[in-house]
Structures are given as structure tokens and as C-alpha cells.
Amino acid sequence: MYDSKIYMEALKSEIRTALVNQKAFACPIAMRVAWHASGTYDKSDGSGGSDGATMRFEPEISDEANEGLIIVRDMLREVKDRHPELSEADIWTLAGCLAVEFMGGPEVPHRFGRTDDEDGSRCPENGRIPDAAQGADHLRDVFYRMGFDDRDIVALSGGHTVGRCHEVRSGYDGPWTHNSLEFDNSYFKNLVDLEWKERDWDGEFQYTDVETETLVMLPTDMALIEDDEFRPYAELYARDEDAFFDDFADAYARLMALGCPDSCDPHAEESTDAEESTDNDDTSAEFREFAMHGSVGYMKRIADDADVHGIEEHSGRNALHKAAFWGHEGAVCYLVHECGLDLDVQDKNGDTALHDAARFGHQAIAEILLSAGADPSIKNEDGQDVATLAGAYEKPAIVEMIADGRGATESQQATAVETS
Ligand code: HEM
């Protein structure tokens, strides 16, 4: 699917800018949004989970556990606007996974495929997110319902190593660690090594550390060291950060995929066919990348294993678009004459390879495409045929070429392939 490394890098950078900027550091809350969107799942009937992005609708939007969380939707709105090909559900879960990484935690595998519902008809009933005032039995009720086990419960609770409680949102107050914007195992170290007492205050019942009286533990956090089955895992994670990172990444990735289409499962066994098609997809993406750089030799080397006609899912662009855009004459000739690419494929903006060549005044390429039969009358999403676009970009030679019905001669094209 979203095969290009460049695409993923760009998306990651856009999400980072949305969450980490001069106005905010929103990684902890993004992690929490992704968890609350997913943590409504019920394995007994398949309801709930992040598919559908149902947290946008009543009644889920008003579940008291989700108080104040919708702000993240607005923070990620620009990413959504720039990527209409992605659902909000996918963007929320991806942002949650990346937030962990941005804060120094493990890389959490994530795959796309969620869709957005039109309305709240698939919203689960409120009250499925755990209640911090309760203990181990409640944690088991809630997390077993989703299909998790005791080890997962402890690992996932380690999410509290970042962020803090806000009285206005939950009635609790304070951070779990002294470095609350860093994802590490200090939550477990604090839980196991520090002495805790009930906090004397007017708010919700919570614990505070005896030494500094600045940290918080919720009743559900304390259950991890009070319960005999949970405690060994909390101790393990307190002394072995790698074990925590591995278990957290594994459980959080599964959490994100609950109730979602199979394509979202980051741990799914690929079938042989799927593996082959993924290999082929990767090679095809590589082929397009070589076309973008005009590396005809490399393109030829992998052409037999690649789908040379392949189209990049998120942009709708093929290898010819890429070679034409960057003005690689030899690559364009190779693609047109030896690979037989369709000349008139339109990308997501409605542009053909000829539009791309015309926009940048790549005259030789426009000639090759025209003489091979590319259609200059095709209009892009802005309603521009190739001559109109060339005019708008002040490329009169190309406007003239189209008016004359001109194209490169066969021998000019043969020279271009040979010299590339
Ligand atoms: C085990 C049951 C859980 C309970 C009862 C619980 C409860 C809470 C509560 C009451 C808050 C404070 C919210 C606020 O006042 O802003 C909070 C914050 C947070 N929770 Fe949990 N949570 C649980 C599990 C998780 C899990 C599984 C994750 C992620 C893996 C997670 C990630 C977070 C984060 C990152 C924050 C800080 C948000 C911020 O700084 O805005 N929690 N949680």
C-alpha cells in the first residue's frame, strides 16, 4: 500500500510538527487518544475499537473518560487535510504510535486500513474505558474483554510513564514520573522503589510519593504492585527497560488494531501470496524511485521483478510521471518505448506525465511524449489542458509545440536512450 519510504517519512514529519511545536507538546495526549479510541473493543461481539473513528460522535465523544481529548483531532486536522487518502482513524492510531517513538520509546508497528464512519451508529456504549478508582479485578474485566492477559495489562499501564493527570479532565492531579515527557521505565521504577501514601487533598482519592509529594499513582496503578500476578511483571519492567519496551510495543500495536480490518494487524502472518505481492510492491516502488532519479541502468536491472506500470497508491503517479517531472529524458524514452507505459495516466491531481513536463518546461520530454501519442487535451483537476498549464507557467515553447502538433523524431529519441 503506502509503499514509498519518502511518503512515510513525510507523513511522520507532518505528524511530529502537529504534535510538537512552539505551542504544544501533545505526544502524551495523542497516545491517550489512540488508546481510548481502541480500548472500547469487546472481543465477544467485535464491537468498539479504533475502526470508524467513532470517538467523533455522540455518545462516545461525551464519555467522561474522553473529557478534553477531542483537541487532538483539531491538532491533526492539517495532516488529514493534506492526506485525504488516509482516514482519521488511521491518523489517530498512527499518531499514537509515533508519539511513543517521539518521546524516546520503542518503535510501534502500525498498518493502515481503518475507515471513518459517517455517524455514531457504531459507537459502543459509554463506560468501556477503565475507571482509575478501581483495582485489579476491574482491570482484568476491562482488559480481558479486549483479549489481553496479565502481562499485557502491566505493560500497557506503563503508558503512564509519560504525561500527567489534569484535575479539570479527570479529577486527578500530577505526573507519574519526574521526566514525564520521556518514554522510559521510570513509571515502574517509581512504582516498585518509592514509598507511596494517600494524598491529603480535596480531589479524587489518589496516592503520592512520601519523599517529594509531587508524583501521583492512581488506584489502578497501585494494583500493579498489590496484586500477586501483576507484581512480577512490574518488577521485571522496573529493572529491565528493554523487556518493557518490547512488551509495550507488542501490546500497544495489538491494541491499535482491535476490531479493525485484517490489513491493520501489524503481527498478521502474511500469506505466501501476500508476501510475494509485498516484495513486488517494494520493487515497483523502487523502480519508480529510480525513474525519479533518472537511473535507467538501475531501472533496467530490476524491471523484470517490478510492476513497471505500477501506480503509487497515495499519489496516483506512475514511473513516467516521476521521470517526466524531473526532466529525465533517457528514463522517459525507456519507459515509453521499451516498457510501453500508458502515456495518459492521470495522478490524484489529474495531471498526466505531459502536464508534469509542460509545467517545468521540459521541452525534449514534451516532444517525446507528444510524438508517442500523449493526449494534450486531457484536463487536470484545475481544468487545465496541457497548453493552458504551459501558458500559466510561462513556457511558450511548449504552448507552441502543442499548437503545431509537433513531437520528437524517432532518431532523436533513440539518441536519448543511448546517452542516458
Ligand atoms: C490501566 C487502566 C488505565 C486507567 C484507569 C487510566 C487512567 C488515566 C487517567 C485518569 C489519566 C489522567 C487524565 C487527565 O487527567 O488528563 C490518564 C492519563 C494518561 N493515560 Fe491512562 N489509564 C489507563 C491505561 C492507560 C493506557 C493503556 C495507556 C496507553 C498505553 C495510557 C496512557 C495515558 C497517558 C499517556 C496519559 C497522560 C495524558 C496527558 O498527559 O494528557 N493509560 N490515564
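Visitor: Where is His-160 found?

Guide: This is a predicted model, and in it His-160 sits in the loop that runs between helix 7 (150–157) and strand 1 (164–165).

Visitor: Okay, now the ligand. Which protein donor does its iron atom have?

Guide: To read a metal site, look for N, O and S atoms within 2.8 Å of the metal. Here the only protein donor of the ligand's iron atom is His-160, through NE2 at 2.1 Å. Water is not among the atoms, so a site may look incomplete.

Visitor: Let's zoom out. How many helices and strands does the protein chain have?

Guide: The count is 21 helices and 5 strands. The C-alpha atoms fill a box of roughly 85 × 40 × 40 Å along the principal axes. Of the chain's 420 residues, 52% count as buried.

Visitor: Backbone next. Which residues does a cis peptide bond join?

Guide: Start with the general idea: most peptide bonds are trans. In this model, Glu-58 and Pro-59 are joined by a cis bond, with omega at about 5 degrees. You'll find Pro-59 in the loop between helix 2 (27–38) and helix 3 (71–75).

Visitor: And phi? What is the phi of Ala-53?

Guide: Most residues other than glycine have a negative phi. Ala-53 is not a glycine, yet its phi is positive, about 45 degrees. Ala-53 also belongs to the loop between helix 2 and helix 3.

Visitor: Is Ala-53 buried or exposed?

Guide: Buried means under 20% relative accessible area. Ala-53 comes in at 1%, so it counts as buried.

Visitor: What about Glu-394: what is its phi, and where does it lie?

Guide: Glu-394 has a positive phi too, about 55 degrees, and it isn't a glycine either. Look for Glu-394 in the loop between helix 19 (386–392) and helix 20 (396–404).

Visitor: Buried or exposed, then, for Glu-394?

Guide: The cut-off for exposed is over 50%. Glu-394 has a relative accessible area of 67%, so it is exposed.

Visitor: Take Glu-286. Where does it lie?

Guide: Glu-286 is part of helix 13, which covers residues 272–293. Its relative accessible area is 38%, so Glu-286 is partly exposed.

Key
Residues numbered from 1 in each chain as written. Predicted model: local features only at pLDDT ≥ 70, side-chain atom pairs only at ≥ 80, totals over all residues. Heavy atoms only, no water. Helix = DSSP H or I, 4+ residues; strand = E, 2+ residues; numbered from the N terminus. Buried < 20%, exposed > 50% of the residue type's maximum accessible area, 1.4 Å probe, protein only. Donors = N, O, S within 2.8 Å, 3.2 Å for Na, K, Ca; no water.
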